[in-house]
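Student: Please give me a close look at one side chain in this model. After that, go on to the other packing details.

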Amino acid sequence: KDLELAGSPEMLKVMQIVKDLGSNIDEGAVNRSWNLSTALVLDNTAAFQVMGDWARGEFQLAGKKPGVDYACIPGPIPNAKNARVVGDIFVFFKQSDPEVERAQMSLASLMVSPTVQAKFNGNKGSAPIRDDVDMSLADECMQKGIALLGQPGAVVPDTPVWRTEAFNTAQNAIWSDLLFNPESTPEAAQAQFVELLRNAD
């Protein structure tokens, strides 16, 4: 909720970068599934995609190799020093049956084992949840991500961790308008963002 930072020249520059990126988006991008946009990159219809590491799995399924057929670049600026981290969770509800609880623990142990973490994340393109996995299975993209995550202070929590759903919806509307509306301006977007922060819970 740093209103001074939100209204700063640095933040305006961020808004301008987003606006510039928007000028490269094709007309059909609105509401298109991310994997269909990834397919456009795969068949050389699109030059690049701003997406999470999970998109890398699509490239692997297509038989493409990082560093040969495509590149993974931390962004949105070259040599980015931060990574926004999100994750999926599995929830096991408390059980009264010891056999069901034993099965839950067995599955949880399997999921977090170093071997499964190495193979699963190697196929998906994401980073493992532990740092003692066999990194010989990691490709160039995965190695870049893990190296970035290992830097002190690099991890930035994803917005849902520190903001309400209503805030996220309103913030996404500002970014979407900036990206897809030709009439939008970085200055107007910044003013909206400052006002959103001013009234945030």
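Tutor: The side chain of Arg32 makes a polar contact with the side chain of Asp26, at 2.6 Å (a pair of N or O atoms within 3.5 Å, one able to donate a hydrogen and the other to accept it; residues adjacent in sequence count only if both atoms are side-chain atoms). The model is predicted, so local features need pLDDT of at least 70 and side-chain atom pairs pLDDT 80 or more, while totals for chains, interfaces and linings use all residues. Residues are numbered from 1 along each chain as its sequence is written, and side-chain values use heavy atoms, without hydrogens or water.

Arg32 sits in the loop between α2 (9–22) and α3 (34–42) (helices are DSSP runs of H or I, at least four residues, numbered from the N terminus). With a relative accessible area of 24%, Arg32 is partly exposed, because buried means under 20%, exposed over 50% and partly exposed in between, using a 1.4 Å probe and protein chains only. Leaving out residues up to four places away in sequence, Arg32 touches Asp26, Ser37 and Leu40 (contact means heavy atoms within 4.5 Å).

The core has 13 residues, and Met15 and Phe193 have the most contacts inside it (a core is a set of buried Ala, Val, Leu, Ile, Met, Phe, Trp, Tyr and Cys residues joined through side-chain atoms within 4.5 Å). The largest share comes from α9, with five residues. Phe193 has 10% relative accessibility and therefore counts as buried. Beyond its neighbours within four places in sequence, Phe193 is in contact with Ala6, Met11, Met15, Gln171 and Ile174.

A search of the whole structure finds two aromatic pairs (ring centres within 6.5 Å, with the six-membered ring used for Trp; planes under 30 degrees apart are stacked, over 60 edge-to-face, the rest tilted). Trp175 and Phe193 form a tilted pair, 6.3 Å centre to centre with 45° between the planes. This pair links distant parts of the chain, with Trp175 in α8 (residues 165–180) and Phe193 in α9 (residues 186–198), 18 residues apart.

In helix α6 (residues 114–124), the buried residues are Gln117, Ala118, Asn121 and Gly122. Viewed down the axis of α6, they fall within an arc of 120°, so they line one face (the arc is that of the directions from the helix axis to the C-beta atoms). Those buried residues pack against α4 (56–61), α5 (98–111) and α7 (140–149), whereas the face turned away carries the exposed residues Thr115 and Lys119.

Methods
Helix = DSSP H or I, 4+ residues; strand = E, 2+ residues; numbered from the N terminus.
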